[in-house]
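Here are my notes after going through your model.

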Amino acid sequence: MRGADAALTDLAVNVRAGTPPDWLKARVAASVDGLAAYPDGRAARDAVAVRHGLPADRVLLTAGAAEAFVLLARAIPARRPVVVHPQFTEPEAALRDAGHTVERVVLDERDGFRLTPDAVPDGADLVVVGNPTNPTSVLHPADALAGLARPGRTLVVDEAFMDAVPGEHESLADRTDVPGLVVLRSLTKTWGLAGLRIGYVLAEPDTITALERVQPLWPVSSPALAAAEACCAPSALAEAARAAERTTADRAYLADRLAELAEVRVCGPAAGPFLLIRLPGAAAVRTRLRELGFAVRRGDTFPGLGPDWLRLAVRDRATTDRFVVALAKAIAEAAA
């Protein structure tokens, strides 16, 4: 955080704490020596392809996953796009900005925000869904998502947080048997690269070509390309896997501590590096938490949620212990 918020403990943003690691900073810094040359993404593209066991013509590097949403909105001639909510709001915003009329499928809290294939209209020719989903932290089964594929439909699965799931067991990233599948990945969350902007698209070669046609020239900088290549190395993948295991354990600890507060209901089971919680008077609690030194994400800006929802990033156990004390205090004061 910056400015007056710099002293806050940030549980609002889902970038992993303590990142980027020193070895990654060194790789990015070394790339500065080549800034006189135009970016060459071939090595990074090949590294991503090898990481997922795919040919390079199924990979497109982007300036973060957010750019990919804009490219899809411009390149895919959808007549009936559908976005599954609650989820990250940028895909719908990109579609609307490109002139599309967007339908929403809003998942039900009573069903644990889980998606059933019959929830999506048969006539939808573009479907966007997150997995694991931000902000609900729900991990949908890969087979259920693959079952959404139809002839003439583009199925976009946002896997920005999948590398925080141990084993990535519900990922569709390496699948080539699902027609119309587009998988989006981000390297900014696990590696602390939100300011560098690096992500990628995995899709059929014809789709990749269509996205490239609407992409600006040299959209990914040389430092971001260096980071992408480095983060796909076997040693980096092993480090990410260890981080995912730690996050899983720390998330369970956070959920257990929150369960001590009768007013708080945790949405689960959760699979992402964050938890969605519901509590009465969440807006007032959020304001008081800022005064107590903690920033949390409001939920009412996500379609399908309301003012009683908050999203909490998973942090280490010491931070969780401090936060739960502050949350209990904020709840008590808001109720007084």
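The points below cover helix packing, salt bridges, a couple of individual residues and some backbone geometry.

1. A word on the source before anything else: this is a predicted model. Please read each point below with that in mind.

2. Start with α2 and α8. Helix α2 (residues 42-52) packs on helix α8 (residues 222-231) at about 30°, and their axes are 8 Å apart. An angle under 35 degrees counts as roughly parallel, so that is the label for α2 against α8. The crossing of α2 past α8 is left-handed. On the α2 side the contact uses Ala43, Ala44 and Ala47, and on the α8 side Leu225, Ala228 and Glu229. By class, the contact of α2 with α8 has 5 nonpolar residues, 1 charged and no polar ones.

3. Now the other helix pair, α3 and α7. Here helix α3 (residues 64-75) meets helix α7 (residues 205-214) at an angle of about 100°, with 9 Å between the axes. The two helices are therefore roughly perpendicular. From α3 come Leu71, Leu72, Arg74 and Ala75, which meet Ala210, Leu211 and Val214 of α7. The contact of α3 with α7 divides into 6 nonpolar residues, 1 charged and no polar.

4. On to charges. How many salt bridges does a search of the whole structure find? It finds 21. One of them pairs glutamate 109 with arginine 278, the closest N and O atoms lying 2.4 Å apart. Glutamate 109 is in the loop between β4 (103-106) and β5 (126-130), while arginine 278 is in strand β10 (residues 274-278), so the bridge ties together parts 169 residues apart in sequence. Both ends are partly exposed: glutamate 109 has a relative accessibility of 26% and arginine 278 has 30%.

5. Arginine 317 is partly exposed at 39% relative accessible area, whereas aspartate 250 is buried at 18%.

6. Arginine 288 and glutamate 291 form a salt bridge, with 2.9 Å between the closest N and O atoms. Both residues sit in helix α10 (residues 282-291), 3 residues apart, or about one turn of the helix. Arginine 288 is partly exposed at 21% relative accessible area, and glutamate 291 counts as exposed at 56%. Elsewhere, salt bridges with shared partners join Arg51, Glu159, Glu168 and Arg185 into one network.

7. Is threonine 320 buried or exposed? Its relative accessibility is 3%, so threonine 320 counts as buried. Threonine 320 belongs to helix α11. Setting aside neighbours within four places in sequence, threonine 320 is in contact with Tyr253, Leu254, Arg257 and Arg315.

8. Proline 280 sits in the loop between β10 and α10. Proline 280 is exposed, with a relative accessible area of 59%. Not counting residues up to four places away in sequence, proline 280 touches Glu263, Val285 and Asp308. Proline 280 is 22 residues from phenylalanine 302 in sequence, and the two are 17 Å apart in space, C-alpha to C-alpha.

9. Where are the cis peptide bonds to look at? A cis bond joins asparagine 131 and proline 132, with omega about -10°. Proline 132 is in the loop between β5 and α5 (142-146). Glycine 268 and proline 269 are also joined by a cis bond, with omega about 0°. Proline 269 lies in the loop between β9 (265-266) and β10.

10. Lastly, positive phi values. Serine 137 has phi near 70°, which is positive in a residue other than glycine. Serine 137 lies in the loop between β5 and α5 and is buried, with 0% relative accessible area. Arginine 197 has a positive phi near 65°, again in a residue other than glycine. The loop between α6 (188-191) and β8 (199-203) holds arginine 197, and at 32% relative accessibility arginine 197 counts as partly exposed.

Key
Residues numbered from 1 in each chain as written. Predicted model: local features only at pLDDT ≥ 70, side-chain atom pairs only at ≥ 80, totals over all residues. Heavy atoms only, no water. Axes fitted to C-alpha atoms, helices over the stretch in contact; angles between N-to-C directions. Helix = DSSP H or I, 4+ residues; strand = E, 2+ residues; numbered from the N terminus. Parallel < 35°, antiparallel > 145°, perpendicular 65-115°, else oblique. Left-handed = near helix turned anticlockwise from the far one by under 90°. Contact = heavy atoms within 4.5 Å. Nonpolar A, V, L, I, M, F, W, Y, C, P; charged D, E, K, R; others polar. Salt bridge = Lys/Arg side-chain N within 4 Å of Asp/Glu carboxyl O. Buried < 20%, exposed > 50% of the residue type's maximum accessible area, 1.4 Å probe, protein only.
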